[in-house]
Amino acid sequence: MRAKQILNELTAYKPGKPMEEVRKEFGLDRIVKLASNENPYGFSAKVKEALPTFADEQEIYPDGYGTALKEKLAKRFNVGLDQLVLGAGSDEIIMMLCRTFLAPGLNTVMAHPSFSQYPHHALIEGAEVRAIETKNGFHDLPAMLEAIDEKTGIVWLCTPNNPTGNHIAKADFENFLRQVPKEVLVVADEAYVDFLETDDYFDTLAALSDYPNLITLRTFSKAYGLAALRVGYGIGHPEVIHKINVVRSPFNNTTIAQKAAIVALDDQEFIKDSIAKNNQVKHSFLAFCDAHQIKYYESHTNFVLIYDLPVSGDAVFQHMLSKGFIIRSGDALGIPNSVRITIGNEQDMTEFTVLLDQFLTSVKES
Ligand SMILES: *Cc1c(COP(=O)(O)O)cnc(C)c1O
């Protein structure tokens, strides 16, 4: 059959190991998943309470415009309804952006390592991927600018960046944006924006009026803890949004997901609380790393990438897996001896650090 050639070179996304499988394999009672940057504090109790009331009308297609949710978002961010597009997670918006703006003969510029879905969908569209190595985990913006040419369709800025955790400073972002040709779409993927611990951050939403070639992506999957519902959104210029809507599938957000997201937006207390807890536990973990000379990238997210470990990331992953902790090996990212750890709750992280310390000590002694 005549499937796209490129598909022979790509693999399907490998989600973190299913918890039940790990539990059985190692005969464990309990599994802690620190692999996908989910919220260890769950999701808003208000959403949980409201969910059963969304049970009706499942035989009816959802609102394909997502009007009620878009109205809520429009008010919150002071933008027009025509500046918003919804996706089944921001993953789907990334796919739609590639479908909209990339094709054979065009290229796309991104950092490496960064979010794996950018190159994945770009390659499927037949575009050339220009991945620019990060410096200490930071986007190398001057090098990224240099990589842009008249065939560039999209440049991706993941800030804070997954998997390194660093953010792009305000002036750096602004300088970059000013120099990008107006024909190139700049995507600011802000999946972790809620976790920022600094004011030195470029307000992409405020810049939309000056930069019609800018689009901001956000998600309900991380701080909001609604990864299972699959809701993400993009905020950009109406013309960009219009084009994305042409490729968007007609009913890409379920009725339940749309309604739940609206309730979630009203419970900012939950978000504040989750972030405060995350940051506190994160700093305890970083203090542990400092005390044990474990290197890490500065993180403005709910995960930390530790590197230069005395063993491969795969070895750390395997060991922690056998103890019931699922993390991500960074080996595939090209960062030597690294793992990415989602910050769990205090108790789980305390247990995790003890096990990690024991493992690294045993490795050094052998
Ligand atoms: C998690 C993540 C997303 C996608 O999340 P969805 O669940 O698809 O909304 C997008 N970008 C980055 C950088 C992420 O880490």
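Which side chain has an N or O atom 2.7 Å from an oxygen atom of the ligand? That side chain belongs to R230, and the views below start from there. This is a predicted model, in which local features need pLDDT of at least 70, side-chain atom pairs count only at pLDDT 80 or more, and totals for chains, interfaces and linings use all residues. Residues are numbered from 1 along each chain as its sequence is written, and side-chain values use heavy atoms, leaving out hydrogens and water.

View 1. K222 places a polar side-chain atom 3.0 Å from a ligand oxygen. A polar contact here is a pair of N or O atoms within 3.5 Å. The protein buries 94% of the 390 Å² that the ligand exposes when taken alone (Shrake-Rupley method, 1.4 Å probe).

**View 2. The shell around the ligand.** The ligand is surrounded by 13 residues, each with a heavy atom within 4 Å of it. The closest are S90, Y192, T219, S221 and K222. Helix α4, residues 89–101, gives the largest share, 3 residues (helices are DSSP runs of H or I, at least four residues).

View 3. The whole structure has 0 disulfides, meaning pairs of cysteine sulfur atoms within 2.5 Å. For C158, the nearest cysteine sulfur is that of C98, 13 Å away. C158 is buried at 3% relative accessible area, and C289 is buried at 0% (buried means under 20%, with a 1.4 Å probe and protein chains only).

Note on methods:
Buried < 20%, exposed > 50% of the residue type's maximum accessible area, 1.4 Å probe, protein only. Polar contact = N/O pair within 3.5 Å; in protein donor to acceptor, adjacent residues only side chain to side chain. Helix = DSSP H or I, 4+ residues; strand = E, 2+ residues; numbered from the N terminus.
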